[in-house]
Amino acid sequence: MAKQRRAFNSKTFLSTDGVGRKTMLFRKGQTIYAQGDGSDALFVIQEGRVIVSVKSQAGKETILNILSDGDFVGEDSMAGQSCRTGSAGAMTDCRLLRIEKKVMMLALTRHKKLANMFLAYVLARNARYEQDLVDQRCNPSEKRLARILLLLARVDGPGALEATIPNINHETLSEMVGTTRSRVCFFMRKFRESGFIYYGDKSNLLRVHRTLLAFCSQ
């Protein structure tokens, strides 16, 4: 008697090993891929945080995003790019699921629910980058920093009053905001004194309170 094929489950596909899918561990500071590398796979973050950056021809590096659990890394490989357009590195110890490009393409073709979920994710990411550009052009650096903290903590929508994120050094934040490290230090002190952020029992944890949203809307 033939075995009945198990129904496809998107969550299982994006979180477990299988044909063309392999769990990989990266230590803090380790490169996941570098700009210019072959673009033959994408990753799904199972645990940890990943920094995505891009370097100009002049050698200036800009941090584009900091990603965490459930996010895709290197999804540009699905757009036909033969080489990586940016770099990705482990901000903390990470556990990622590597999915070969051809395996992901086949799954997207065969499974509508997965394809719709992936498309919605990519569109939301693109909208975020567009908002970042508007933010960079129109808003002062203090509000740009506040928005980045909210996005990292994921309290920019409905949900908990506060969230904990790994304490990010001010140099990294200054690159994301597009201002100087001294300005970031000044604003972080101001946010802490206003009760928008505070450091937890461990010095490597930063808590971002939802009231920071009110500051961004002013």
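Colleague: How much space lies in the largest pocket?

Modeller: The model is predicted, so the figure is computed from its atoms. The space in the largest pocket comes to about 550 Å³.

Colleague: Which residues of the lining lie nearest the centre of the largest pocket?

Modeller: The lining has 17 residues. By class, seven are nonpolar, five polar and five charged. Those nearest the centre are Arg-6, Phe-8, Phe-13, Arg-21 and His-111.

Colleague: Which helix gives the largest share of that lining?

Modeller: Helix H1 (10–13) and helix H2 (101–110) each supply at least two lining residues. The largest share is four residues. Its source is H2.

Colleague: Why does H4 count as roughly perpendicular to H6?

Modeller: H4 covers residues 141–153 and H6 covers residues 181–193. Their axes come within 10 Å and cross at roughly 65 degrees. Angles of 65 to 115 degrees count as roughly perpendicular. Therefore H4 is placed, relative to H6, as roughly perpendicular.

Colleague: Is the crossing of H4 and H6 left-handed or right-handed?

Modeller: The two axes come within 10 Å where the helices cross. The hand of the crossing, as H4 passes H6, is right-handed.

Colleague: Which residues of H6 make the contact with H4?

Modeller: H4 brings Ser-141, Glu-142, Leu-145, Ala-146 and Leu-149. By class, the contact has seven nonpolar, one polar and three charged residues. On the H6 side, the residues are Arg-183, Val-184, Phe-187, Met-188, Lys-190 and Phe-191.

How values were computed. Residues numbered from 1 in each chain as written. Predicted model: local features only at pLDDT ≥ 70, side-chain atom pairs only at ≥ 80, totals over all residues. Heavy atoms only, no water. 1 Å grid on protein atoms, 1.4 Å probe; cavity = no way out; pocket = protein on both sides within 12 Å on 5 of 7 lines; lining within 4 Å. Points joined across faces, edges and corners; volume = space filled by probe spheres on them. Nonpolar A, V, L, I, M, F, W, Y, C, P; charged D, E, K, R; others polar. Axes fitted to C-alpha atoms, helices over the stretch in contact; angles between N-to-C directions. Parallel < 35°, antiparallel > 145°, perpendicular 65-115°, else oblique. Left-handed = near helix turned anticlockwise from the far one by under 90°. Contact = heavy atoms within 4.5 Å.
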